[in-house]
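These are my notebook entries on one structure. I list what I looked up, entry by entry.

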Amino acid sequence: MTDLEAIKHNTVRQGGRVAIAAALAAHARDGLPADAAAFGVLDTIAVKLVEWYGTAAAGEVLRHYAEICERQVAKVDA
């Protein structure tokens, strides 16, 4: 990946984070269960990962993210 491609991917990734955070905040603001919306988003993401990378690789990606999140929670708890 070139530097320009990396910048583009990072910009798109950050935009996705902002969009999802806004959607979840809107649900919470409306008194709706934001966690239910988050699981809906996760369902969609998981299906797309399987379509793009196959079941085994999608599983690896999700396990990788779980490990990263576990480390982030441990840092916050410390």
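**Entry 1: a charged pair**

I began with Glu51 and Lys48, which lie 3 residues apart in helix 2 and are therefore separated by about one helical turn. I took helices as DSSP runs (H or I, at least four residues; strands are E, at least two), numbered from the N terminus. I note that this is a predicted model, in which local features need pLDDT of at least 70 and side-chain atom pairs count only at pLDDT 80 or more, while totals for chains, interfaces and linings use all residues. Residues are numbered from 1 along each chain as its sequence is written, and side-chain values use heavy atoms, with hydrogens and water left out.

The side chains of Glu51 and Lys48 form a salt bridge, at 3.0 Å from N to O. The rule asks for a side-chain nitrogen of Lys or Arg within 4 Å of a carboxyl oxygen of Asp or Glu. By this rule I count 1 salt bridge.

I then looked up the cover of both residues. Glu51 is exposed, because its relative accessible area is 53%. Lys48 has 33%, so I wrote it down as partly exposed. The cut-offs are under 20% for buried, over 50% for exposed and in between for partly exposed (1.4 Å probe, protein chains only).

**Entry 2: two helices**

How do helix 1 and helix 2 pack? Helix 1 covers residues 3-29, and its angle with helix 2 is about 145 degrees, with the axes 8 Å apart. The axes are lines fitted to C-alpha atoms, for helices over the stretch in contact, and angles run from 0 to 180 degrees between N-to-C directions.

I looked up the residues that meet. From helix 1 they are Ile20, Leu24, His27 and Ala28, and from helix 2 they are Ala34, Ala37, Ala38 and Val41. Contact means heavy atoms within 4.5 Å.

I also checked two distances to Leu24. Val12 is 12 residues from Leu24 in sequence and 18 Å away in space, C-alpha to C-alpha. Ala36 is also 12 residues from Leu24 along the chain, with 9.3 Å between the C-alpha atoms. Val12 is in helix 1, and Ala36 is in helix 2.

**Entry 3: a nonpolar patch**

Which residues form the nonpolar patch on the surface? I found Phe39, Leu42, Ile45 and Leu62, with about 360 Å² of accessible area together. Patch members have over 30% relative accessible area and no salt bridge; nonpolar side chains (Val, Leu, Ile, Met, Phe, Trp, Tyr) are joined within 5 Å, like charges within 9 Å. Areas come from the Shrake-Rupley method with a 1.4 Å probe, and for residues only the protein chains shown count as cover.

Helix 2, residues 34-53, gives the most to this patch, with 3 residues.
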